[in-house]
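Here is a friendly briefing to read with the structure open beside you. Take a moment to look around before you start on the points.

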Amino acid sequence: MEGWNHERLKVYERLGGPETPEKLAETEQFATVERDMFLHKKGARQPDALNPDNWAIDAYAFSIAANRVFMGRLFMNLTTNLQHYPEWTAYLKDRQPKTLIVWGRNDPLIRPAAAEFVKQVVPAADLRYFDAGHFALDENADAIAEAIIETFSL
């Protein structure tokens, strides 16, 4: 659970579990262009310079009712991942796979402590921070692509 924004996690925990019409209606409200813009811009190095296509494409997707229902159900299901964290951690500890961790240092949802935890579990991991938010690729695609090539080239 290291690195999770605890206030945000409480929201996911409250909305998790069996689906109800009320929970679905509330979680569908997460599938908005405003929230999407927040996630792209919050913590970005130059938020006003970001390509608006990043959230315009999502805005179109969110305009379709079935997509909002899908996203609502995805949000309600996020907490089911949490029960698997111990087994995923055990896998990483046991297998020590070649690992690249790229992280937006200013991510408002999942903080750098999460990346640092993975680095502790896989000490040989290559951990690279970027002056970015949740969507580090928005401003750092070239550098992240280079990191992938450097880490995983044979």
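The points below cover a helix pair, some salt bridges and one glycine.

This is a predicted model, in which local features need pLDDT of at least 70 and side-chain atom pairs count only at pLDDT 80 or more, while totals for chains, interfaces and linings use all residues. Residues are numbered from 1 along each chain as its sequence is written, and side-chain values use heavy atoms, leaving out hydrogens and water.

**Two packed helices**
- Helix α1 (residues 6-15) packs against helix α5 (residues 65-82) at about 105°, with the axes 7 Å apart.
- The two helices, α1 and α5, are therefore roughly perpendicular (angles of 65 to 115 degrees).
- On the α1 side, Leu9, Tyr12, Glu13 and Leu15 make the contact (heavy atoms within 4.5 Å), and they meet Phe75, Met76, Leu78, Thr79 and Leu82 of α5.

**Salt bridges**
- The count comes to 5 salt bridges (a side-chain nitrogen of Lys or Arg within 4 Å of a carboxyl oxygen of Asp or Glu).
- One of them joins Glu7 to Lys10, with the closest N and O atoms 3.4 Å apart; this pair sits about one helical turn apart in α1.
- Arg14 and Glu26 form another, at 2.7 Å from N to O; Arg14 lies in α1 and Glu26 in helix α2 (residues 21-28), so the pair ties together parts 12 residues apart in sequence.
- Asp126, Arg128 and Glu150 are linked in a salt-bridge network.

**A glycine in a loop**
- Gly43 lies in the loop between α3 (33-41) and α4 (53-62).
- Gly43 and Phe135 are 92 residues apart in sequence, yet their C-alpha atoms are 9.1 Å apart.

Conventions:
Axes fitted to C-alpha atoms, helices over the stretch in contact; angles between N-to-C directions. Helix = DSSP H or I, 4+ residues; strand = E, 2+ residues; numbered from the N terminus. Parallel < 35°, antiparallel > 145°, perpendicular 65-115°, else oblique.
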